[in-house]
Amino acid sequence: MKKAFALTLYFGTWFCAIAFMAATALEERPIPLTIFGFALIKAALSAKFMLIAQAAYPIKIDKQHGIVKSLLLESLVYLMVVLGLNYLEAGIHGLINGKEFIPSMTAFGNSDPLRVFAMSIVYWLIVWPYLIFMGVNLALGNTATLNILFGSKK
């Protein structure tokens with residue numbers, strides 16, 4: 001539960017920042033607060049999807065290859081799992097709204113492969129620091145990682 005909450009806050013910070021940037025780029029005034037609510041809901045779903053991916057394909061660190069090399073393939077696997085779950089979510093959302101499953105699913109990302117690719121790049125860039133943190137945490141332990149990042153409590 002703690003991990004899901006922390007990951008939701010992490011994703012939520014990113015998604016709210018992206019929503020804020022999009023609203024200012026579109027010159028929306030006043031900026032609607034609902035976009036931040038949607039960003040937080042999307043963050044919670046993404047956190048859930050990420051935790052599902054981690055449960056199915058746990059993070060493994062090979063100290064001989066280093067953290068970055070060890071996690072590169074895993075990050076792409078997580079991206080594919082989360083992308084697939086987003087398509088599934090779009091299909092289920094369509095069913096809830098009385099639409100057909102497959103057309104709703106294929107409508108994800110406005111049915112634009114380039115948009116889905118762009119979203120995937122942004123999502124990967126958001127997930128990558130989290131995975132590096134988790135890799136360092138696995139390699140060094142939680143206490144050492146927190147001491148390195150935030151200093152000793154003493």
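**Notes on an all-helix predicted model**

1. Read along the sequence, the pattern is α-α-α-α-α-α, and the chain holds six helices and zero strands. Helices here are DSSP runs of H or I with at least four residues, strands are runs of E with at least two, and numbering starts at the N terminus.

2. A word on provenance: this is a predicted model, in which local features need pLDDT of at least 70 and side-chain atom pairs count only at pLDDT 80 or more, while totals for chains, interfaces and linings use all residues. Residues are numbered from 1 along each chain as its sequence is written, and side-chain values use heavy atoms, with hydrogens and water left out.

3. Of the 154 residues, 29% are buried; buried means under 20% relative accessible area, exposed over 50%, and partly exposed in between, with a 1.4 Å probe and protein chains only. Among contacts (heavy atoms within 4.5 Å) with a separation of 6 or more, 63% join residues 24 or more positions apart.

4. On charge, the mean positions of the 12 positive and 7 negative charges are 15 Å apart. Lys and Arg count as positive, Asp and Glu as negative, and His and the chain ends are not counted; the charge is placed at NZ of Lys, CZ of Arg, CG of Asp or CD of Glu.

5. Helices α1, α2 (34-56), α3 (66-96) and α5 (113-140) each give at least two lining residues, and the largest share, eight residues, comes from α3.

6. Leu-83 sits in that helix, α3, and counts as buried because its relative accessibility is 18%. Beyond residues up to four places away in sequence, Leu-83 touches Phe-108, Val-116 and Ser-120. Its C-alpha atom is 9.0 Å from that of Phe-49, 34 residues apart along the chain.

7. Phe-5, in helix α1 (residues 2-25), is exposed, with a relative accessible area of 56%. Phe-5 and Ile-148 are 143 residues apart in sequence and 22 Å apart in space, C-alpha to C-alpha.
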